[in-house]
Amino acid sequence: MGENAVQTFRSSFNAIWGLIMSAYPPKHHQETDLTHLLEVVKAYPLATVISVKENNPIVTHLPLIYEAGKLIGHIDRNNPQAELLKKGHPVTLIFSGPQCYISPSIYTTNQLPTWNYIKVHVTGTAFEITNLETVKQSMIAMTEFLEAPEYKYVLDMDNDKMNQFINYVLGFEINITSWEGKFKLSQDKKPQDMANARAELLRANQESIKTFLDSVF
């Protein structure tokens, strides 16, 4: 191959590689199936709730349930973010699924270290639920969802504790404007390497939870 041909090849390669590297986020890490996104929300309902006030982010972690195309939640009225979860204020949510470090040692091919994870980003507008009976019913619905399938505890409308604190709770619903799924699961690898990464995700999460809790408690 002559020098001109080599230079042409290098230029073409660099151009193609530049296009590949500029394609972000990678399509193979983007999950668009709403059924899969909802499974993450249902399995990992504790959301990172992000609002912005005067260019400063305000963050709270709250369980949310999906109902009739909306996300329903509750927050202490004394929380500074409560005022930003009504009147149509914009809100961003992050639902986090399993995640872990992936060592190249698990692959059958030559790879670099990486991190695999499952995340769902949701944007929407928040509105206060002003009817206290509706708020209580939504708390009951959330408890039913979280207690499933064994239902060892049942919350009812006549619960004295709930009636005592209901005035201190802001119920809200979020009208969803966009969904984005980020499922980074070694999809760009060979089938065997992808299977190995899945097995590592299971192993690492089970082991790390026990190790972490043993060290903290």
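Ala68 sits in the loop between S4 and S5, where helices (H or I, at least four residues) and strands (E, at least two) are DSSP runs numbered from the N terminus. The phi angle of Ala68 is near 55°, a positive value in a residue other than glycine. Ala68 counts as exposed because its relative accessibility is 78%; buried means under 20% relative accessible area, exposed over 50%, and partly exposed in between, with a 1.4 Å probe and protein chains only.

The model is predicted: local features need pLDDT of at least 70, side-chain atom pairs count only at pLDDT 80 or more, and totals for chains, interfaces and linings use all residues. Residues are numbered from 1 along each chain as its sequence is written, and side-chain values use heavy atoms, with hydrogens and water left out.

A second residue with a positive phi is Lys87, at a value near 60°, and Lys87 is likewise not glycine. Lys87 lies in the loop between S5 and S6. With a relative accessibility of 69%, Lys87 counts as exposed.

Now the chain as a whole. It has five helices and eight strands. Along the sequence they follow the pattern α-β-α-β-β-β-β-β-β-α-α-β-α. Of the 217 residues in the chain, 32% are buried. Among contacts with a separation of 6 or more, 73% are between residues 24 or more positions apart; a contact means heavy atoms within 4.5 Å. The accessible surface of the chain is about 13900 Å², and carbon and sulfur atoms hold 57% of this area. Such areas come from the Shrake-Rupley method with a 1.4 Å probe, and for residues only the protein chains shown count as cover.

Helix H2 covers residues 34-43, and its residues Leu37, Leu38, Val40 and Val41 are buried. These four lie on the same side of H2, because they cover an arc of only 155° around the axis. The arc is that of the directions from the helix axis to the C-beta atoms. What do the buried residues of H2 pack against? Their partners are strands S1 (30-31), S4 (65-67), S5 (70-76), S6 (89-102), S7 (114-129) and S8 (169-184).

Strand S2 (residues 46-53) contains Thr48. Thr48 counts as buried, because its relative accessibility is 18%. Beyond its neighbours within four places in sequence, Thr48 is in contact with Val59, Thr60, His61, Thr92, Leu93 and Ile94. With one of these, His61, the side chain of Thr48 also makes a polar contact of 3.4 Å. A polar contact is a pair of N or O atoms within 3.5 Å; within protein, one must be able to donate a hydrogen and the other to accept it, and residues adjacent in sequence count only if both atoms are side-chain atoms.

Charged pairs come next. Side chains of opposite charge can pair when their charged atoms come close. A salt bridge is a side-chain nitrogen of Lys or Arg within 4 Å of a carboxyl oxygen of Asp or Glu, and the whole structure has eleven of them. One joins Glu83 and Lys86, at 3.2 Å from N to O. Glu83 is partly exposed at 49% relative accessibility, whereas Lys86 is buried at 10%. Both belong to a network of salt bridges that links Arg77, Glu83, Lys86 and Glu128.

Another salt bridge joins Lys136 and Glu133, whose closest N and O atoms are 3.2 Å apart. Both residues lie in helix H3 (residues 132-147), three residues apart, which is about one turn of the helix. Lys136 is buried at 9% relative accessibility, and Glu133 is partly exposed at 44%.

A cis peptide bond joins Ala148 and Pro149, with omega about 5°. Lys152 and Glu150 form a salt bridge at 3.6 Å from N to O, and both residues are exposed.

Last are the aromatic rings. Rings of Phe, Tyr and Trp (its six-membered ring) pair if their centres lie within 6.5 Å; planes under 30 degrees apart count as stacked, over 60 as edge-to-face and the rest as tilted. The count comes to three aromatic pairs. One of them is the tilted pair of Phe165 and Tyr168, with 6.4 Å from centre to centre and 55° between the planes. Phe165 is partly exposed, with a relative accessible area of 40%.
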